[in-house]
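Here is a short note to read beside the model. Please keep the coordinates open as you go through the points.

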Amino acid sequence: MFSHQRFARYRLQAGATAVLLLAAVILSGCGGREDAAAGNTVPGTPDVQASDVSGNGSTKEAAFKKISTVKGEIQIPARPQRIVAEEYLGSLIALNVVPAGAPGLTLNNYYYKKALNGVADTGTYGKPSVERIAGLEPDLIITGNAETYEQLSKIAPTLVIPYGTLKNAREELEYFGPLLGKETEAKSWLADYDRRIAAAKSKVDAVLPADASFSIMESTDKSIWVYGDNFGRGGQPVYQALGRKPPAAISDELMKKQWAEISAEMLGRYAGDYIIVTANNKTAEDFRTDPVWSTLPAVKNGKLYVWPEERSWYYDPLAVLSQTEELAEWLVKTGK
């Protein structure tokens, strides 16, 4: 089990860094969708230029690619063989790419940890061990944390993709497919993803009112958190995949900031008709007998879903697909 507080601190720091980096990307002309017509890079589509070892410009037997990143243009192997994935591990697994190393936290991912036997632990999430990574002799490092770039780039070409740059499963697969020479695998995986998501959404739409509101929350011993559509805990499957909405009064706030820490007295304002809540040490019955939570209509009406961090925290494509189907199954039973 991992620490929510540790993750929250790192994610908030990463989010702030991402805002600054994304601003730099936009100013440099390589980050906005509105620039697509002009041929500039958009999220989900790496700006790739191929070159061979001899430097004569041939793309037939290219050994390296030049990639435009928030850290400038870097050169990476055309088909990297030993990747250290400090972030975006789920997308790699979806493309049948098993890395040489990844943080222990992501190696414990509930949705694919069984597929990662033998993958080396590179240390604490957000604070990798330079020594461990160097010992793996990677030919590419992928990270979401720009603060470690200087250290990691001395070991191998390091691709920084700040958290929030790629906003959903489709953008991740459409980015990493071309990047790793796995376009066919990406298209195949996304086709299956689209089919399964559509099936789940159709089942939910058939039994739930279109205007039913949803809240994504987390309850710890000391805090209550509310989340938007791109911060884990079920936001991606509920708000993106199933197309559901938060309460109108707090929708703009959540979708812009993506998180809010609230007091128990504020629960009523943030609670929707349905509540998906992360809690490690509480059951649905605990919430039903709690003097504050029990006053919420969603709790009274049995429209509360409780799951632990190990299932709700992850937001990679594999996790989102599995979470969507899990929540859809519950919602169909609840809605009947």
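The points below cover cavities, aromatic rings and salt bridges.

1. Ground rules. This is a predicted model, in which local features need pLDDT of at least 70 and side-chain atom pairs count only at pLDDT 80 or more, while totals for chains, interfaces and linings use all residues. Residues are numbered from 1 along each chain as its sequence is written, and side-chain values use heavy atoms, with hydrogens and water left out.

2. Cavities. There are three cavities of 30 Å³ or more. A cavity here is a set of points, on a 1 Å grid over the protein atoms alone, where a 1.4 Å probe fits but cannot get out; lining residues have an atom within 4 Å of a point. Grid points are joined across faces, edges and corners, and the volume is the space filled by probe spheres set on the points.

3. Largest cavity. Its volume is about 120 Å³. The lining includes E87, Y88, N109, E172, W313 and Y315. By class, six lining residues are nonpolar, three polar and three charged. Nonpolar covers Ala, Val, Leu, Ile, Met, Phe, Trp, Tyr, Cys and Pro; charged covers Asp, Glu, Lys and Arg; the others, Gly among them, are polar.

4. Second largest cavity. This one holds about 90 Å³. E87, Y88, E172 and Y315 are among its lining residues, as are Y163, K167 and Q236. The lining divides into five nonpolar, four polar and three charged residues.

5. Aromatic pairs. The structure holds 17 of them. Rings of Phe, Tyr and Trp (its six-membered ring) pair if their centres lie within 6.5 Å; planes under 30 degrees apart are stacked, over 60 edge-to-face, and the rest tilted. Y110 and Y111 are edge-to-face, at 5.0 Å centre to centre and 80° between the planes. Y110 is partly exposed at 40% relative accessible area, whereas Y111 is buried at 16%. The cut-offs are under 20% for buried and over 50% for exposed, with partly exposed in between (1.4 Å probe, protein chains only).

6. A stacked pair. The ring centres of W189 and Y193 are 5.2 Å apart and the planes lie at 20°, so this pair is stacked. Both residues sit in helix α7 (residues 183-207), four residues apart, about one turn of the helix. Helices are DSSP runs (H or I, at least four residues), numbered from the N terminus. W189 is buried at 13%, and Y193 is buried at 10%.

7. Cluster. Which residues form one aromatic cluster? The members are Y125, Y163, W225, Y227, F231, W259, W313, Y314 and Y315.

8. R311. This arginine lies over the face of Y110, 5.9 Å from the ring centre. The criterion is NZ of Lys or CZ of Arg within 6 Å of the ring centre and within 35 degrees of the ring normal. R311 also meets E326 in a salt bridge (2.6 Å, N to O). E326 lies in helix α14 (residues 317-335) and R311 in helix α13 (residues 309-312), so the bridge ties together parts 15 residues apart in sequence. E326 is buried at 17%, and R311 is buried at 18%.

9. Other salt bridges. The structure holds 14 salt bridges, each a side-chain nitrogen of Lys or Arg within 4 Å of a carboxyl oxygen of Asp or Glu. D194 and R170 meet at 2.2 Å, N to O. D194 is in helix α7 and R170 in helix α6 (residues 169-179), 24 residues apart. R195 and D192 also form a bridge, at 2.6 Å. R195 is exposed at 53%, while D192 is partly exposed at 29%. D192, R195, R196 and E325 are linked in a salt-bridge network.

Definitions and conventions
1 Å grid on protein atoms, 1.4 Å probe; cavity = no way out; pocket = protein on both sides within 12 Å on 5 of 7 lines; lining within 4 Å. Helix = DSSP H or I, 4+ residues; strand = E, 2+ residues; numbered from the N terminus.
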